[in-house]
Amino acid sequence: MCRWIAYSGTPVLLSQVLFQPQHSLIDQSLHSRMGVETTNGDGFGVGWYTQDADTPAVLRDVGPAWNDRNLLEVAHHVRSGLFFAHIRASTGTAVQQTNSHPFRSGRWMWMHNGAISGFHRLRRDLALAVDPALYPEIEGSTDSELMFFLALTFGLTDDPPGAVARMAGLVEKAGHAHDIPHPLQMTLAVADGERVWAFRYSSEGRSRSLYFSTRVDTLRALHPDAAFLRDISDETRLVVSEPLGTLPGAWNEVPESSYGIIQPGHDALHAFRPDLPEDDSAQG
């Protein structure tokens, strides 16, 4: 599978999150503790928002993150208040740049850990459900990117939780039509430049690991001597596949079958369940 990080809050250098923590994403690319694979070296990507552009920048490549000089260079010079980072362990599709996460459409970014079971059998049915106007934007061959464009088809830009629920419902219906008992495994993040939505769900109820950081004001009270907590706002949050360190009280497991919203003001956590789109066009 894969590992990923979503950051929202005080603008920081990407390197402060990607390289500096004890169990950083770069460390996880070699020594994952909670993933299906220990090593995640089938490509990487980072995507970040700035005040100077309407769309996020995306840097993706096919090599391992741990020795990529371009990633190191960019991470030490780019500062952002909302960014994604992803390290890939392929579940069967090709190792190529267009298959590395995050994926982008307009202001929206998407990244995923997990898989659609039997994807080679379901790909055609699912692809036919994508809005024809969106279909030309699909560049790669992964289930993850197809999930993104299905969610866009089902109204992601207006209702992200509802669109993801309809995407998940369609995947499960198509899988069951092909006698696949547990079609979907996903932890995913999606952002529009201001908010981040993070989802944890699987058809069998045994989803991949996902954690969110504790409120900064709570952490300051717990750890008044932690210098790095003084430089970030109370709004700062991370969602991660694995905790980045061992600071007591810093990390909370995202509940099974749920999604959270990181946004200015009050964050929120809700239950999640798939929902079939009204005009289901998947064929069994």
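Some housekeeping first. Numbering starts from 1 along each chain as its sequence is written, and side-chain values use heavy atoms, with hydrogens and water left out. Because the model is predicted, local features need pLDDT of at least 70 and side-chain atom pairs count only at pLDDT 80 or more, while totals for chains, interfaces and linings use all residues.

Okay, the sheet. We've got seven strands in an open sheet, ordered β3-β2-β4-β1-β10-β9-β11, with antiparallel pairing. Strands here are DSSP E runs of at least two residues, helices are H or I runs of at least four, and both are numbered from the N terminus. Two strands pair if DSSP finds at least two bridges between them. At the edges sit β3 (57-61) and β11 (251-253), each pairing on one side only. From one strand to the next, the twist averages 15°.

Now look at β1 (residues 3-13) with β10 (residues 237-240): they pair antiparallel over four bridges. One to click on is Ala 6, whose bridge partner in β10 is Val 239.

Over to the helices. α5 (residues 143-153) packs on α6 (residues 160-177) at about 120°, axes 8 Å apart. Those axes are lines fitted to C-alpha atoms over the stretch in contact, and angles run from 0 to 180 degrees between N-to-C directions. So who touches whom? From α5 it's Met 147, Leu 150 and Ala 151; from α6, Ala 163, Met 167 and Leu 170. Contact means heavy atoms within 4.5 Å.
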